[in-house]
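The sequence and structure are shown first.

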Amino acid sequence: MRFFEVFANEQYRELLGQLTARELAQRYKQSVIGYFWVILNPFIQMLVMSFVFVNIFGNKNLGVAYPLFLFTGLLPWNLFSQSLTSCAEALVGSASLLSKIYFPREILVLSRMLARVVDFLFASIILIGMMIFYRHGVTVHVLWVVPIFVIQFLFTYGLSLFLAAANLFYRDVRHLLNLVVMTWMYLTPVMYDADIFPSKYRWIFQINPMAVFVNAYRQVILGVDPPNFRSLAIGLVLSLVVCAWGYRFFKKLEGQFADSV
Amino acid sequence: MSETPEFAVDINHVSKMFHRQRQRTMKEMLPAFFRGGKKGVVDSFWALQDIDLHIKKGETFGVVGPNGSGKSTLLKLIARVSLPTSGDVQVHGRITPLIELGAGFHPDMTGRENIFLNASILGLTKKQTLPLVESIIDFSEIGDFIDDPVKHYSSGMYTRLAFSVAIHVPFDILLVDEILSVGDARFRKKCNQQITDFKNQGKTIIYVGHGLEHVSSLCDRAAFINYGHLEKVGDPDEVIQCYMDKQEQESART
């Protein structure tokens, strides 16, 4: 299958590695604390949001400390939103490469996504620190984090491929994306618990895959139960569809990229 | 016929059409929509029309033509970067493009890091690149600056490094676009010598550009493309003569 071409071919794997390294290198070149920003940023974000929310809404009965609750949602959300905004520029930002030499173009998108995954893994260190700080133990169900992550990755990858290609033809995509991501965040239970929403609006969280993923992460990291398999299965199917569709869209337009940059 | 191994590049009746979409912004699209127009007026033109060219293995082939005649489009089609509207392009062997040097460079990374990055873009693994690094640095004459970020390089150093990487990556077919005019006179001479060496090693070289003296001295065969049409293929000097005559006629007419 062409979808796996990038991983099957050693040469393309190397290129993917090099481009991912380049993407990460941008973070620490000409910066004093360099890669540490990747940890500092979400940490400060978490502190500020916790301060505001705890003081406005009081500490709701979440079963866990609000900062911990918030951060388990913030981590996967940041991975998602930063992947989308970064990948949307993947083709536009490599215009000179596009018109110069052939390689499967999805490598440009994938390398940006992988770099965000590395950021995500580093930022996860904070979560571990917070778990220790709040003396919050985990159960064996925490291992479900891996399949949940894979499903989220597929979903994000599909959308990223679509956005990268669309942004090459219409730069409006980039501006629209900022709006969409912001709205999407408020409609995803990152900062709040889905239960505080009036029940007539709760369908939003059922059709919003990111809400499903965020809830699933919380359940397996902070809770003691296995995830909700039914919503996760729906999430998986949806992610596969989005990924396949995004990939097809991307590949169909690939031949026109060089003519359009 | 297209599978005959004696050819490095088979260009079979290739045409390439470009769309020039008139209305790209909302301000232009909306009135057009209300005027009952279809999906925005698109006018198209043929950058290349029915080009049939077969470049032999080991041949140095020149392509000449005025600006906007479709030469660069042809190179892009050979490099598989762009796809033909009709017809097909078959390439037998590994291509290294020498066009737009340094496109893969990252300004914040050092010259050495960029060698690996650029080599991987050209299809080499890190392991394959390692033994070439010293030779690449030598040829580029960058010296100690190799461990500085390339954004501090002069434009000459930049292109020298890119050229050096490109020629060290093993290839069967070299695409050359005006590159022989890189750097100062001394480095240019070195590049020309290198191209001649490749030619003697039996590599296929496709040269596109305005340097007619290069076409005449270097190429075994040449083609003249005029406004997307293939006017003449054959002996370089005859092709150049044909090109000159056409230019002559053009300027006489205006």
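Helix α2 (residues 10-28) of chain A and helix α3 (residues 111-121) of chain B have axes that come within 9 Å and cross at roughly 140°. Because of this angle, α2(A) is oblique to α3(B); angles under 35 degrees count as roughly parallel, over 145 as roughly antiparallel, 65 to 115 as roughly perpendicular and the rest as oblique. Axes are lines fitted to C-alpha atoms, for helices over the stretch in contact, and the angles run from 0 to 180 degrees between N-to-C directions. Helices are DSSP runs (H or I, at least four residues), numbered from the N terminus.

The model is predicted: local features need pLDDT of at least 70 and side-chain atom pairs count only at pLDDT 80 or more, whereas totals for chains, interfaces and linings use all residues. Residues are numbered from 1 along each chain as its sequence is written, chains are lettered from A and ligands numbered from 1 in the order in which they are written, and side-chain values use heavy atoms, with hydrogens and water left out.

The crossing of α2(A) with α3(B) is left-handed (the near helix is turned anticlockwise from the far one by less than a right angle; clockwise is right-handed). On the side of α2(A), the contact (heavy atoms within 4.5 Å) is made by Leu15(A), Gln18(A), Leu19(A) and Arg22(A), and on the side of α3(B) by Phe116(B), Leu117(B), Ser120(B) and Ile121(B). By class, this contact of α2(A) with α3(B) has five nonpolar, two polar and one charged residues. Here Ala, Val, Leu, Ile, Met, Phe, Trp, Tyr, Cys and Pro count as nonpolar, Asp, Glu, Lys and Arg as charged, and the others, Gly among them, as polar.

Between the two chains, 31 residues of chain B are in contact with 24 residues of chain A. The buried area is about 2,700 Å², of which carbon and sulfur atoms give 56%; buried area is the accessible area (1.4 Å probe) that two parts lose on being put together, summed over both.

Side chains of opposite charge can pair when their charged atoms come close. One salt bridge is counted between chain B and chain A, and over all chains the count comes to 13. A salt bridge is a side-chain nitrogen of Lys or Arg within 4 Å of a carboxyl oxygen of Asp or Glu. Two of these pairs are tabulated.

| Salt bridge | N to O distance |
|---|---|
| Lys16(B) and Asp259(A) | 2.7 Å |
| Glu106(A) and Lys251(A) | 2.8 Å |

The pair of Glu106(A), in helix α6 (residues 106-133) of chain A, and Lys251(A), in helix α11 (residues 229-253) of chain A, links distant parts of the chain, 145 residues apart.

Within chain A, helix α4 (residues 66-88) packs on helix α7 (residues 145-169) at an angle of about 25°, their axes being 8 Å apart. The two helices α4(A) and α7(A) are therefore roughly parallel to each other, and their crossing is right-handed. Their contact has eleven nonpolar, five polar and no charged residues.
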